[in-house]
Amino acid sequence: MNRPDLLQRMAAASRQRGRDGLHRQSITLDDFDGVHGRMDGQTVTSFCSNDYLGLAHHPVVIDALQTAAARCGVGSTGSHLISGHRREHAQLEEDLADWTGRERALVFSSGMMANLGVMQALLARGDACVQDKLNHASLIDAAHTVGATLKRYPHADVQAAARQLAATGEAAALIATDGVFSMDGDVAPLAELAALAARENATLMVDDAHGLGVVGPGGSGSVRAANLTQNEVPVLMGTLGKALGCHGAFVAGSASLIDGLVQFARSYIYTTALPPALAAAARAAVAVARHDSERRDKLAALIDRFRHGAAQLGLPVMPSSTPIQPLLLGDSARTEAAQNMLADAGFLVVAIRPPTVPANRARLRITLSAGHADEDVDRLLDALAAVSKRILSP
C-alpha cells in the first residue's frame with residue numbers, strides 16, 4: 001500500500017517553511033527578570049513579553065507561590081473532579097468572579113483549554129460560530145474541533161458579522177471575539193457586537209486574555225470598560241499568564257454556565273488541575289492588579305511615551321492604545337532583518353510573520369510593561385530610528 005508517511009510529510013512541510021523564510025524556533029533566555037535578561041551571552045532588554053503589569057516578578061506574588069508550594073507541594077496530583085481541586089483554586093475563582101462582576105468563575109489549565117472547553121460545552125455539530133478573522137488561534141481551532149459551522153468576518157466589521165450570522169439561518173449561534181487583539185493591539189467593538197447578539201438571539205463570548213488587568217475599572221477588562229454586563233456578554237474568558245504574570249486561565253459567567261462547563265467541558269474534566277501554588281500566586285496577582293492603579297498609570301504613560309516618539313520618527317506603528325504596539329513592516333524578510341538588528345543592539349523584539357498574521361502583514365510586535373523604565377523606551381526608540389534608516393528608507 002502506497003500510504004503517505006506522516007513524519008516525512010511534516011518534515012517536507014517544515015523544510016518548505018524554511019525556504020519561505022517563515023521557520024519558527026524557540027528563543028532561550030537566561031536570568032530573565034521580566035524586562036532584562038541574557039540571550040546567547042548578551043544582555044538584552046525585552047519588549048515582547050505579555051507581562052504587562054510586571055507581576056511575574058512581584059515579591060508578593062512570588063511569596064504567595066513559595067508559601068503555597070511549601071504547604072501544598074508542586075503538583076495538584078489529579079483532575080479537578082478527582083483530587084486536584086484545592087482551596088486555592090476555589091478562592092481564586094471567587095476573586096476572579098468578583099473582579100469581573102460575574103456570578104462564578106472556573107479555572108482552566110490554559111487559555112487554549114478554556115476556549116476549547118467553552119465550545120465543547122456550548123456547541124454541537126451544525127451549530128454556528130461567528131468569529132472575527134483576527135481572533136486568537138485557540139478560538140478558531142476550538143470551533144473546528146467541535147464541528148460547528150465556522151463563519152469569519154473581516155476584522156471588527158460588525159455589519160459583516162451580522163451578514164455572516166444571518167447566513168446561518170436558525171442555527172444556534174455563538175459570536176466569539178478577542179477583547180484586545182493579540183497581534184494588532186486594538187479593542188473589539190464590543191457594545192455593537194453585544195447589540196447584534198441580543199437582536200439575533202445569539203450568545204456573545206469575549207476572550208479577554210490581553211485586556212484583563214490592563215483596561216477597565218480596576219483592570220477588570222475590556223467588557224467592563226465597555227459597560228457591558230454578564231447578561232450582555234454571557235461568556236468571558238481571561239488568562240492568568242498575561243497581565244497577571246502567572247499561568248492558567250478562567251471562564252466567568254452565570255452559575256448555570258459554570259455548572260455546564262463542569263459537566264461538559266472535556267478540557268476541564270479530563271486534565272490535571274493547575275498546581276495549587278500557581279493558583280495562590282494568581283490570587284495574589286489579582287489583588288495587586290485590582291488595587292495598585294499606579295502600575296496601570298505607569299504603563300499608560302509608557303505607551304504614550306513610545307507612541308509620541310514613534311510618531312516623531314515616522315515609524316509605521318499601528319493604531320493601539322494598549323501595551324501591544326505593532327510596527328507594521330509587511331515583508332517577512334525585512335521584518336526578520338529588523339528583529340536581528342534590534343537583537344544586535346540589545347533588544348528582544350520578535351518578528352511576527354505569516355501564518356500568525358495575514359500575508360504581507362508581518363510586524364514587530366512591541367509590547368510595553370510597567371516594569372520598563374522611561375530610559376528603556378527611549379533606548380528602544382533610538383534603536384528603531386537606526387533600524388528605520390537601514391530597513392525602511394527608500
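Residues are numbered from 1 along each chain as its sequence is written. Because the model is predicted, local features require pLDDT of at least 70 and side-chain atom pairs count only at pLDDT 80 or more, whereas totals for chains, interfaces and linings use all residues; side-chain values rest on heavy atoms, with hydrogens and water left out.

The protein chain contains 15 helices and 13 strands, these elements being DSSP runs numbered from the N terminus (helices, H or I, at least four residues; strands, E, at least two). For 394 residues, a compact globule would have a radius of gyration near 21 Å, and the value of 21 Å for the protein chain agrees with this. The radius is taken over C-alpha atoms, and the globule rule is 2.2 Å times the number of residues to the power 0.38. The C-alpha trace spans about 55 × 55 × 55 Å along its principal axes. Among contacts (heavy atoms within 4.5 Å) between residues at least 6 apart in sequence, 69% join residues at least 24 apart.

The accessible surface of the protein chain amounts to about 17800 Å², with 50% belonging to carbon and sulfur atoms. Of the 394 residues, 51% count as buried, where buried denotes under 20% relative accessible area, exposed over 50%, and partly exposed the range in between (1.4 Å probe, protein chains only).

Side chains of opposite charge can pair when their charged atoms come close. The structure holds 9 salt bridges, each defined by a side-chain nitrogen of Lys or Arg within 4 Å of a carboxyl oxygen of Asp or Glu. One of these joins arginine 71 to glutamate 88, with the closest N and O atoms 2.4 Å apart. Arginine 71 belongs to helix 2 (residues 59-72) and glutamate 88 to helix 4 (residues 87-100), so this pair ties together parts that are 17 residues apart in sequence. The two partners contrast in accessibility: arginine 71 is exposed, at 53% relative accessible area, while glutamate 88 is buried, at 9%.

A salt bridge also connects aspartate 374 and arginine 305, with an N to O distance of 3.6 Å. Because aspartate 374 lies in helix 15 (residues 374-392) and arginine 305 in helix 13 (residues 293-313), the pair ties together parts that are 69 residues apart in sequence. Aspartate 374 is partly exposed, with a relative accessible area of 36%, and arginine 305 is likewise partly exposed, at 33%.

Within helix 15, aspartate 376 and arginine 379 are 3 residues apart, a separation of about one helical turn, and their side chains meet in a salt bridge of 3.2 Å, N to O. Aspartate 376 is buried, at 7% relative accessible area, whereas arginine 379 is partly exposed, at 37%.

A disulfide is a covalent bond between the sulfur atoms of two cysteines. With the criterion of a pair of cysteine sulfur atoms within 2.5 Å, the count comes to 0 disulfides. The cysteine sulfur closest to that of cysteine 72 belongs to cysteine 246 and lies 15 Å away, too far for a bond. Cysteine 72 counts as buried at 18% relative accessibility, and cysteine 129 is buried with a relative accessible area of 0%.

Terms used: Areas by Shrake-Rupley, 256 points an atom, 1.4 Å probe, with all protein chains shown as cover.
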